[in-house]
Amino acid sequence: MAQIIKTILFSVITLCIAISLVKFPDQSLEASIRGLNIWWEVVFPSLLPFFITAELLISFGVVRFIGVLFEPIMRPLFNVPGVGSFGMFMGMASGYPTGAKIATRLRKEKQLTRVEAERLVSFTNASSPLFIFAAISVGFFHDNKLGALLAVCHYVGNIFVGLCMRFYGRSEHEWKMEQKKKNKSKTSLRRAFYAMHRARISDERPLGEILGDAVIHSVKTLVMVGGFIVLFSVLTKLMFLIGFTSVIAKLVEQLLMVFSISTEFGLPIISGLFEITIGVQSISGVNDTLLVQATLVSFILGFNGFSVQAQVASIISKTDIRFTPYFFARILHGFFASTLTIFLYKPLYLDRQAFDMYDVPVAHTTSVNRWMDILTTIASVGPYITIICIIASFLLLYRRFIK
């Protein structure tokens, strides 16, 4: 009976989409072109080098090398093998859905169990620094200082998700195996090098074939990503035209009233739940306090939007990795990121604004400007500094603990 209901439901939804496309051909074409431009001008050129590089690093065994070195950090913190660090760093640097792509590849090579892959997917699909600093902060809010606040909250919130998801799927047997691995997992450059060498020689493909496969697999994945971007761009536009988005927005507005938030955010929030760029742009246009805007933007960035979630679901569908843990982690990430935004808004944004507005003597203007340039540069790499400091701190604590 359940399958019959699913058949009827999917058929009705698809039929409604087809009718809407026929009824609004001009608007559908405009939305489709917009999604295609985003993919061709931003997503494709920014992600293709990362995807190809990731494929080559896995094929040449460099990921195994990294895995052995980071095993003493990733296992105690996130309960995933050291190779998960590669997916975490690449996911933060290049943005979604890179983390899902790498986790899927590692799962196919059996470097991760199913539960470990599900943990890894849950906290390695983050927004790229370029999107946060350039598109959101400068492009939408015209305030480059806002980027540091959003980035810190986004990436630290993602780490909190990883720390929470370490307990997902943890059985008594796995706990015992984890203790054995923890006792054996000590950093060794020699062991890391031999692991890399064994991984490279185990791949018997010639160099030309490895390069060709890396390009083909990366392009195929990006074509799929582009299809989802265009599809959700059109669906978001159609739902707005037929009034479906407005109906859901009314329900969201009732919830916003409970938290004393302007009901004008109802429609932008719904748009952001489906497509991040449209939602964030709409939120930036609402006349309200920046704290509320930044909090809602942080939640949408953590949630990823159904468009990105569909891309991740399509990528992991080729393996036995389940989608439910990833979806739960997205809600958790949105909650963490928005909460951190509320608490860090004053120290990371207001205090910096007050420093900029401080009355400086004319004689010291040049030196102050020089220091502000330095601070702006530091802020642009703030997420990376934060991640490195956290990892270094945990590494020192862990080495002290095992001694």
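Close-up 1. Ser-284 sits in helix 14, which covers residues 276–284. Keep in mind that what you're looking at is a predicted model. The side chain of Ser-284 reaches back to the backbone oxygen of Gln-281, at 2.6 Å. What else does Ser-284 touch, once residues up to four places away in sequence are left out? The answer is Phe-140, Phe-141 and Gln-293.

**Close-up 2. Helix 8 meets helix 15.** Two packed helices are described by the angle between their axes and the distance between the axes. Here, the axes of helix 8 (residues 146–165) and helix 15 (residues 290–303) come within 10 Å and cross at roughly 40 degrees. Angles from 65 to 115 degrees would count as roughly perpendicular and those under 35 as roughly parallel, so helix 8 and helix 15 are oblique to each other. The crossing is right-handed. On the helix 8 side, Leu-146, Leu-149, Leu-150 and His-154 make the contact; helix 15 brings in Leu-290, Ala-294, Val-297, Ser-298, Leu-301 and Gly-302. What kinds of residues are these in the contact of helix 8 with helix 15? Seven are nonpolar, three are polar and none is charged.

**Close-up 3. A salt bridge between Glu-55 and Arg-105.** Side chains of opposite charge can pair when their charged atoms come close. The model's salt bridges come to nine. Zoom in on Glu-55 and Arg-105, which form a salt bridge with their closest N and O atoms 2.1 Å apart. This pair links distant parts of the chain, 50 residues apart: Glu-55 belongs to helix 2 (residues 25–59), while Arg-105 belongs to helix 5 (residues 98–108).

How values were computed. Residues are numbered from 1 along each chain as its sequence is written. This is a predicted model: local features need pLDDT of at least 70, side-chain atom pairs count only at pLDDT 80 or more; totals for chains, interfaces and linings use all residues. Side-chain values use heavy atoms; hydrogens and water are left out. Axes are lines fitted to C-alpha atoms, for helices over the stretch in contact, and angles run from 0 to 180 degrees between N-to-C directions. Helices (H or I, at least four residues) and strands (E, at least two) are DSSP runs, numbered from the N terminus. Angles under 35 degrees count as roughly parallel, over 145 as roughly antiparallel, 65 to 115 as roughly perpendicular and the rest as oblique. A crossing is left-handed if the near helix is turned anticlockwise from the far one by less than a right angle, and right-handed if clockwise. Contact means heavy atoms within 4.5 Å. Ala, Val, Leu, Ile, Met, Phe, Trp, Tyr, Cys and Pro count as nonpolar, Asp, Glu, Lys and Arg as charged, and the others, Gly among them, as polar. A polar contact is a pair of N or O atoms within 3.5 Å; within protein, one must be able to donate a hydrogen and the other to accept it, and residues adjacent in sequence count only if both atoms are side-chain atoms. A salt bridge is a side-chain nitrogen of Lys or Arg within 4 Å of a carboxyl oxygen of Asp or Glu.
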